[in-house]
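Here is a short briefing for a first look at this model. Keep the sequence and the structure side by side as you read.

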Amino acid sequence: MFRKFCRIFICFQVLFCIVLAGNPSFQLPDSLQKQIRDVVDTQKINLLNNYAQILYFKDFEHTKNILDSSIVWSKAIGYNKGQAVASKILGQVYYLKGEYELASKAYITSLNLYEKLKNKSGQADVYNEMGNMMRQHGDNNTAEKYLLKAMQLCTEVNDLKGLATSNNNLGIVFETKGVLDSAMMHYQKALSIYIMVSDSTGMGYSYDYIGVIHAYRNEFAQSVYNLKRGLAIRELLHDRQSMAYSYVNLGEASLASGNTKDASGFFQKSLTIAQEMSSSNLISYNYKKLSEIAAKENNFKEAYTLQQKYAVINDSLFNLKRNEQIAEIQTRYETEKKEKENVLLLKRNNEKELHISQQRVQLSVLTGIMIILVMSAGLFYNRNKLRQQQILNDEIKNQERIRLRAIIESQEEERQRIAAELHDGLGQVLSAARVNIAALVDETQRQPQIYQALELIDRSCKELREISHNMMPSLLVNSGLYAALIEMSNRINSTGILKMEVLEDGFIERVKSEIEINLYRIAQELITNILKYANATEVQIQFILEKEMLTMMMEDNGQGFDVKILQTAKGNGWYNIQSRIRLINGQIEIDSKVGNGTVVTLNVPLDN
Amino acid sequence: MVNKIKVFLVDDHQIMLDGIKALLKNDKQIEIIGEFTRGSQVIEKLAQISPDIIITDIHMPEMNGIELTNIVRKNYPAVKILALSMSGEEGMITEMVDAGISGYVIKNTGKEELRGALLKIMKGEVYFSAEVASQLTKALMEKKRRADEPAAAKLTQREVEIVKLIAMEYSNEKIAKELFISERTVETHRKNIFRKSQTKSLIGLMKYAQEKKII
């Protein structure tokens, strides 16, 4: 009740200030400034800042407006601390928006102000933020430098919570760098501080971090011990979400130590909580893990059922992404990810006054654990690539191929049907019409209209043949890939733009029609690309058949391209090629550099 | 006018048969003595009467023109075949020629061409529409070209370059750097080279390269 009341009170005051600050033209006349001094005092600026601190990961624009006001008011009344706090939060806002340069500027402003105020805790706070930003940015060395600076400052003024935070942040940097001993040392320092100041949330956190490092070092008993301590604390705090992640870490550690039974129990518990919270990611992750365990225990039926469940959730996640709002969701996800890291630091500020510690802790724990989860998942997964998992993976791949096959096969069948219908149906009727009209020709008379009609029909026939050929070259079906490619080269060569050569040695026999059709289509697509973009004068296709592996190699002498652009290629062409390659279980390698021609090598196994 | 040329017409479209009949009606030298929409009907009829020439379509259900030609040529060698098809695809033409046709006319024909073709065939000659003839010539030339250069010996320009570098004791890595291609591409080229030169060892390859004056 009390808490609620306070919140309403704060909101009311903040609103009042915003109304005051509502006009964003901040060049204030002197006469007004005096008035403001009467109305605006440091307390109100603090309220604005506190409000921004709560709001900053939910609504960038709004927060930015509030902070702008706060900075202007602070400047107006010469309240340096207010400006320093506001600038720091502004830095966080920019950081979340990915505008690192602006974020750095804001942080440095804040840093200078704190220095002027000789407020070392404040400086440490900003250094911590900057360190996190640099780590997120991938610059671990600079991150380390900033965090060490933060630590030094905290030590000087005996800011214990700040010291613990810096230690944890440094630990994460070392963990990212793979320097596990240093990471462990910093986590343990943080833990001892949290114990000293009786910060349960922090302790839960530290035990979790430490447990994960033990797992990395294959010290599974210690890992489980620490993780369980973390779990116990979180249970006391009723922090369900963090508990779910504790269970995941416990599951991973047990799995890595070979104790599948325990692991299965832990993932089960995590799953229950995840379902309670409807956290799709966590549900899907747990299904995946449980399925892997079932597969390991040769319980393939169970593994399959779980895999299906995983697929269903993953599918719905996937569909969600494909939605038009993909951009929005993406931003939201990224923001949340970053904000969760920054929230770590939020805790220290006015925690009790604002009564939001519970929420922040949840978010901060989530972040830390997300990072650890991703890293440990990767590590454990690699370590445990066992045969059964391979079988399951194969099964997944197989299912994908079946889906692809259905699509591509029906497409090809449809093409073949249309081609045949055009050629044998409409084409025959047209020919018959032509013959019938030709029978009307009387050489003794002038009949220009009949000749015109004949010419029109001839043109229609020619176009029809071309369409039908592009749909499905009858030569490919009747005589095979090699013959069809030779025929393609004849067509290409007759244009005089490109000299196409198909070298027959190595492979001229027939293979499965699925492989023939797909290789032909890929060759067609590649030739189209060469004609469109490569500016080449020659192209060669050759085959190697070796140990049931068919290699098709296509070389051109064109201008080449940077293969990196394929990663972002949006066209259907490249996508189609990849789908077809996957369908025939093949591999494609594109070797090209600007100015140096292109070599495309396709390897296809013939045995399945 | 004693001996008219006796002709069978085969096409799965009745309207086509009607058109050809119209084209050849009142002709003093040609007489259509049977028309069929199925190859099997032709075979049955041949047991009773024999035409001089069968004009047949190629794309037909059940029994296509190629199969029909094969059967007729085997059992009734005196009966000549004239293919009448919509398309002049090279593969189709060569297959028909192999089966033993005496002529091939594209369906965008007129009275004069068809009559001329039939008369020529009757005299024991062959007749091909201009488009068909050019396709046939092309196929022949291609065949000759291939016979002239034995397949096993033909290394591509790139492969020759690589053989030269191998002779200079370049590693795959160095070759890749030299030619600005990836090592895996070099490896594929190497496989190709060994297969084409029918050698298995480096020494064998060097001997081959010397023989072919590559190095």
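Among contacts in chain A between residues at least 6 apart in sequence, 59% join residues at least 24 apart. Two residues are in contact if their C-beta atoms, placed from the backbone, lie within 7 Å. This is a predicted model: local features need pLDDT of at least 70, side-chain atom pairs count only at pLDDT 80 or more, and totals for chains, interfaces and linings use all residues. Residues are numbered from 1 along each chain as its sequence is written, while chains are lettered from A and ligands numbered from 1 in the order in which they are written.

**Chain A overall**
- Chain A has 25 helices and five strands. Helices (H or I, at least four residues) and strands (E, at least two) are DSSP runs, numbered from the N terminus.
- Of the 608 residues in chain A, 40% are buried. Buried means that 20 or more other C-beta atoms lie within 10 Å of the residue's own, with C-beta atoms placed from the backbone.

**The sheet of chain A**
- Five strands form an open sheet in the order 1-2-3-5-4, with mixed pairing. Two strands pair if DSSP finds at least two bridges between them.
- Strand 1 (499–502) and strand 4 of chain A are at the edges; each has a single partner strand, so one side of each lacks a neighbour in the sheet.
- From one strand to the next, the twist averages 15 degrees. Axes are lines fitted to C-alpha atoms, for helices over the stretch in contact, and angles run from 0 to 180 degrees between N-to-C directions.
- Strand 4 and strand 5 of chain A pair in the antiparallel sense over six bridges. A:Ile588 has A:Leu602 in strand 5 as its bridge partner.
- Helix 9 (residues 183–196) of chain B packs on this sheet and touches strand 2, strand 3, strand 4 and strand 5 of chain A.

**Where the chains meet**
- The contact takes 39 residues from chain A and 33 residues from chain B.
- Helix 20 of chain A gives the largest share of chain A's side, 11 residues.

**The sheet of chain B**
- Six strands form an open sheet in the order 2-1-3-4-5-6, and the pairing is parallel.
- Its edge strands are strand 2 (30–36) and strand 6 (127–128) of chain B, each pairing on one side only.
- Strand 4 (residues 80–85) and strand 5 (residues 103–106) of chain B pair over four bridges, in the parallel sense. B:Leu84 has B:Val105 in strand 5 as its bridge partner.

How values were computed:
A residue is buried if 20 or more other C-beta atoms lie within 10 Å of its own, exposed if 12 or fewer, and partly exposed in between; C-beta atoms are placed from the backbone.
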